[in-house]
Protein chains: 6
Amino acid sequence: MSPLDYTHILTKAVDELSDSQSYQGLFHQHKEGEPLPSGKSLQRIVELARSILFPGYFGNSTINSQTINYHIGVNIEELFELLTDQIQAGLCFGVENSGIQEYESPCRATSAKLAAEFISHLPEMRQILATDVEAAYYGDPAATCFGEIICCYPIIRAITNYRIAHELYKLNIPLIPRIITEMAHSETGIDIHPGAQIGHHFTIDHGTGVVIGATCIIGNNVKLYQGVTLGAKSFPLDDDGNPIKGIPRHPILEDDVIVYSNATILGRITIGKGATIGGNIWVTESVEPGARIVQRKSKDF
Amino acid sequence: MSPLDYTHILTKAVDELSDSQSYQGLFHQHKEGEPLPSGKSLQRIVELARSILFPGYFGNSTINSQTINYHIGVNIEELFELLTDQIQAGLCFGVENSGIQEYESPCRATSAKLAAEFISHLPEMRQILATDVEAAYYGDPAATCFGEIICCYPIIRAITNYRIAHELYKLNIPLIPRIITEMAHSETGIDIHPGAQIGHHFTIDHGTGVVIGATCIIGNNVKLYQGVTLGAKSFPLDDDGNPIKGIPRHPILEDDVIVYSNATILGRITIGKGATIGGNIWVTESVEPGARIVQRKSKDF
Amino acid sequence: MSPLDYTHILTKAVDELSDSQSYQGLFHQHKEGEPLPSGKSLQRIVELARSILFPGYFGNSTINSQTINYHIGVNIEELFELLTDQIQAGLCFGVENSGIQEYESPCRATSAKLAAEFISHLPEMRQILATDVEAAYYGDPAATCFGEIICCYPIIRAITNYRIAHELYKLNIPLIPRIITEMAHSETGIDIHPGAQIGHHFTIDHGTGVVIGATCIIGNNVKLYQGVTLGAKSFPLDDDGNPIKGIPRHPILEDDVIVYSNATILGRITIGKGATIGGNIWVTESVEPGARIVQRKSKDF
Amino acid sequence: MSPLDYTHILTKAVDELSDSQSYQGLFHQHKEGEPLPSGKSLQRIVELARSILFPGYFGNSTINSQTINYHIGVNIEELFELLTDQIQAGLCFGVENSGIQEYESPCRATSAKLAAEFISHLPEMRQILATDVEAAYYGDPAATCFGEIICCYPIIRAITNYRIAHELYKLNIPLIPRIITEMAHSETGIDIHPGAQIGHHFTIDHGTGVVIGATCIIGNNVKLYQGVTLGAKSFPLDDDGNPIKGIPRHPILEDDVIVYSNATILGRITIGKGATIGGNIWVTESVEPGARIVQRKSKDF
Amino acid sequence: MSPLDYTHILTKAVDELSDSQSYQGLFHQHKEGEPLPSGKSLQRIVELARSILFPGYFGNSTINSQTINYHIGVNIEELFELLTDQIQAGLCFGVENSGIQEYESPCRATSAKLAAEFISHLPEMRQILATDVEAAYYGDPAATCFGEIICCYPIIRAITNYRIAHELYKLNIPLIPRIITEMAHSETGIDIHPGAQIGHHFTIDHGTGVVIGATCIIGNNVKLYQGVTLGAKSFPLDDDGNPIKGIPRHPILEDDVIVYSNATILGRITIGKGATIGGNIWVTESVEPGARIVQRKSKDF
Amino acid sequence: MSPLDYTHILTKAVDELSDSQSYQGLFHQHKEGEPLPSGKSLQRIVELARSILFPGYFGNSTINSQTINYHIGVNIEELFELLTDQIQAGLCFGVENSGIQEYESPCRATSAKLAAEFISHLPEMRQILATDVEAAYYGDPAATCFGEIICCYPIIRAITNYRIAHELYKLNIPLIPRIITEMAHSETGIDIHPGAQIGHHFTIDHGTGVVIGATCIIGNNVKLYQGVTLGAKSFPLDDDGNPIKGIPRHPILEDDVIVYSNATILGRITIGKGATIGGNIWVTESVEPGARIVQRKSKDF
């Protein structure tokens, strides 16, 4: 029996899979003329932002102080165009999928305005990222210089994507911020929701497995280790049994908190200023400022 | 001393590394005319399956309900060709490497038959994936719509790869299913063995660090959090000291079980219907239906 | 208002971001004529090394025993050129960023010499990797053959990158080794510092979330599971409050140790020969040879 | 003197070249939101058209008669989208550059209408191309089958691009038709203006150097050889000394004419039905039907 | 009217274009499992041959005399595989399209045998190409060295493709040789039929527009200029009006002939040893050895 | 007989082709550390130059007058780096292959100096190209605007490459200029030697087959048609029978000359100011200013 004999099996599958009953809820019909959310385009947006924020490390590596403005100029212009497209894609997606309509007109003009606003925040974004680089450097005896941190520490990739995404999140753009933080999640294993609020001098060592929930509030000079969860304990359902959106349900970490590896902190509790949470523990109640919590001793057997 | 002076060092290394003694067990001699397992090709296979299962989200994004059958038709045809090749590659690999010969003739005809069989299961695969999307949506207050789940939640990527791989695993195709689940493992940090059995409405929140072993049986409506291990406790060795293959050694999770982050459940134990396993704990004995298990309280110091 | 109206916002951002005050510490000025550290080039270096070490599995898949030396010859030559470049890039980076100057002349000649030295160690690197493949195979009942291990087990990717990086680390090349291990970290979730010392027959099952610190010493036949941390407990600061570099601060694991999933072992302690560390626990004191440590029992509630 | 010392030379050149005086007439300012004429996109458009017109030869080569409609469906849809964009780009270009405004609104809606109209002519375009393939086959004893003609004869590439471009030319779309025929000119050395009118069963042997001017009218069953020019003899200027556009100035070739290699036929003359023009000659006066014209004998010396 | 309104126009075109009546003679149905003639693959084949024949100029440019055999070994192996595929594609195409069946079994084994035979002729092909390089060098006062000839003279590209194609032509492989010479035709404007016979020390200056027909016989030390045609005067038809294949109908050029630019030589005539044909003339009768033919004087007017 | 049986044929070919006797004169040994002439890099150089010279038409198409300096700045910097490399490659090639050593030190510093000098001439190169665009526009009634000329007329591609190459030729850089004009030759069929001297307002209509030799001198406002040769009649040999280099041997065309299609003008003759040369003729003697030369009348037969 030659492979052509399978044509009827294949065409039967095509027919079933093209039946509109079969793809309800799993189908995205695109409106002609609207840009599409594009992973590839968002990847480029993040690359452009990174090459603007850390000049000479990413992208235009032959840059010098006399020609830097040419490079930043070209990158900002490309960023503006791509971001305008992706913001418009996000706004359209929001309107169609969630009935969210933050802006009267989710058109190109609104998107361009929001993209320009985002770009106007890049200088302060660079300032706060500089503090994150410092925190990573001073927190790791194995680090040899700032350059090594910027080039290869996963936290820098994760926190940069988060700070970009958070800025877009504050502009009420649907979908796009989450795709950007999920890119960093895939690359680093660090999952920071774009809605979380994070102060300056923030760092995470190693990072794989860290989860920071949507309503977390994190102060300044906070340090986490790999595997730390800042999650929700449970969430109230509405009358239809759907989770109620927007209720604060993740922890608050005040300034100078340290959380060691694989600790799990759940619910809208507060870890007080300067507290230390030991590794591999499960914390569901607030912790006093300055306190130190550790796991009970293990036993031999 | 110019770089050319190192030629003798390089050619010496070439000679040592080309010596057949030196690569025993690490060398794969390919038979002429047989297709090769190809990561790139499998990546394309998964992309095609994704664009068929979730039309408009991946791949042909300009699709509409009147032209959807063209797109699905072309994608199914490409899928059939690539999959026939990769199935043949897997069957040949199995025969050569493990002496496994499930089918009398690991030739193109058998492979095409298996590829067609796989494709005939795509409609039901879409149905069950629709329940997984629902489970992810109703389980996360931060989710704004089904579309966001499909576009950026890592569980959708991981469970799609798993459901594809499991279907191929049931057809007794060596190697290929594992490569497909490892792709998702690399992208999401979620490691589901293609041999595991998983019911409908399955979800994992965040996901990094989850491990689901080869002989796991998971019911319907089960939810896991990041860092959960469903592993083996130990495994018996045969007389030569090699692990005995195929013995059930991973947990059974009945319907409606929830397992919180970083919990470790080991061995062929049963977590009863509706049980809840708290985070960061280590479970090696069966748990009653409806039970809730948590970590002992931590202490201050 | 047309998008052109945002030109003044964009050019203002360009000016601010091109101001040399704003990028202090975040700017890398490249010296003309020196090669740059390149992720793409290092990716190719690792691919070349992999295709040399495991012939027929990666890269030139149509290789046979009579033509293998052509392929290894060409790959070694390309490896030599790319590595010479990247070593030079690393040496220059070290001099500029950390004032480290291991070699009198961080020029092309020194780099070529170091690249040739690295290549001369490839045969022994293949020998020890063969033991790692064995360890992975005998440690997993789900593995069907060596070929499956080499093709798709994340530990092989991680340990190969580590062994390459460690060899470069021993040659005192800055930056490059860390970039290579971080590539594997991103792909596998396994974070092994290139400075760690690891014996033969080493394996990690599943692997996501494993951290192995810079001063770890790991014996032979050691097996780790996913989520294991071999970390530092704390580190002394110098008079300026900076962490003191180079102090041994990570654990020593003697031969035949097994550490189960999500265990955290911290500080310069010794886990004695043949000891077993149970999952999800926190170990900060040395453990006797042959001992078995487990988590305290969880409780119901 | 290090390369950095040239920075002032480079920045001086940048300043001069950015001065608006210096680029007058050579600068194309793009209006935001309008698509751009794109060589890459037009290349794809031609490829798509070719794979639709000659199914199985270009593009989707695994096509069979049961699945052909999937492939044509997908290709038509992609063609429609890309062509809508490029038609819009052409209309905008026309308005800005030449003040040509064929349509009231050079917007997306008009462009989509014109793209759909173009597509509705593809079936008849295929019919006439079938006659061109025949003419090439019966005119060359070296041809072994229709397939060889379609795969590798330059005339097929040139005449296909011409027939596509001519259809767009008839829709009064500026710029785009000419770019399409110039692509074929670059690939084959055959330069056919999109405005020329050419009957069925047309062929050119070898083809390099052939020129067919904008106002040529060519009947059916005409055959040209390489190097033939069908050009203008001279053209009247208007009062400003500019050439007057749109005056018929190229030859008319009636049915069944043959023109041998390197012949040059100039001006609005008529080559009568069935006439034969010998090679390397220069014809500026009309030729009777059935006549045969040749070069005067060469002489020895 | 939105673009979606054109869906019925598009689907109507799809239906018409998918109707089997409409694509008769223009459709290539591919047999499953047979390789396809591939322009991309043939391009690679020519590149590989070029990098083998002119080592260090094309492809592996860092080659040195001690490592050249690695590079040639790898290139020969890749060439063998790709060529085996393309030869098989050509044989299958021949059987299906022209009923030509040169070999009993147009299968992989035959194709591999022919590919190996081709490769065994590469050394002598290099020898004769060396004479062509010499001829080009000594024939052009503007040439500065052999390297310049090899790198950028179009004749070298054209003659290399021809000599490769002619070798395949002598092995009776359909289609493939013609595609290879048409590649050079497109790149250089030089159209040499793979069936022509050409001696050593052959060169063409500039080259654009040269045509050398299928049954030409060209001696040694022959030089042509741009625009020269060696064509057929006319060709007899069989009883069905089809051109009779395989009759000698192109010129014979004996040794040491020179033909100046744009000369046209037609029919099975002989240009005697050492004759010189002036430019822009039309020759249809044999020319004595040593003769010089030029155009009649032009006149003023 | 399996394909592996051909291994001995292949390895025999490898041995013969690796024998240093066999590649004499055809082998280019590269010196480690020196850049290589690279077609790909030169293609990019030409693209960069084009996007600088005709802003908005090629490359950065979204450019506007306020951001143009960013784009030109970035392009000039990239051009400087690539050109420095390729100039160095050309100088090294010249020294090795032809013993030409124009500069004392063919090192990076010299190359950077020459690259900067080239760049300083770009503004005047733009001025003269503006006159060529004008000449093409006013010479073709079919042209609709300057933009159409710049986008798709082959003369613009050819004359731009020539003017770039001629500038490098005047700096005595070997090889590179010729590669650049040969690129245009391949794309347009117009072969202009980089050594030719060409005035302003130069144009060629259609262009395929035009040849302009190395020592041509062409005045202002000259227009050529397709197929025109400005070549050498013969060239004196030295005592070894090699052509003597550098002797003026191509025509001089004074201002305002027009040469019609396929005319051949040979030798160091002068075509006087304002003369017109008819098509398809062969001119080997000087022509008076203002004269008009045409072919003798053809005859019927």
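Between chain F and chain E there are ten residue pairs in polar contact (both at pLDDT 80 or more), a polar contact being a pair of N or O atoms within 3.5 Å, one able to donate a hydrogen and the other to accept it, with residues adjacent in sequence counted only if both atoms are side-chain atoms. The largest share of the side of chain F that touches chain E, seven residues, comes from α1(F). This is a predicted model, in which local features need pLDDT of at least 70, side-chain atom pairs count only at pLDDT 80 or more, and totals for chains, interfaces and linings use all residues. Residues are numbered from 1 along each chain as its sequence is written, chains are lettered from A and ligands numbered from 1 in the order written, and side-chain values use heavy atoms, without hydrogens and water.

| Chain F with chain E | Value |
|---|---|
| Residues in contact (heavy atoms within 4.5 Å) | 54 of chain F, 65 of chain E |
| Buried area (accessible area lost, 1.4 Å probe, summed over both) | about 5200 Å² |
| Salt bridges (Lys or Arg side-chain nitrogen within 4 Å of an Asp or Glu carboxyl oxygen) | zero |

Carbon and sulfur atoms give 63% of the buried area. Leu17(F), Leu26(F) and Trp282(F) supply 15% of the area that chain F buries against chain E, more than any other three residues.

Chain F can be laid on chain E with an RMSD of 0.0 Å by a turn of 120° and a shift of 0.0 Å along the axis, superposed by least squares on C-alpha atoms of residues with pLDDT of at least 70 in both. The two copies are thus related as by a three-fold rotation axis. Only 11% of the interface residues of chain F are also interface residues in chain E, so the copies meet through different surfaces.

Methods:
Buried area is the accessible area (1.4 Å probe) that two parts lose on being put together, summed over both. Helices (H or I, at least four residues) and strands (E, at least two) are DSSP runs, numbered from the N terminus.
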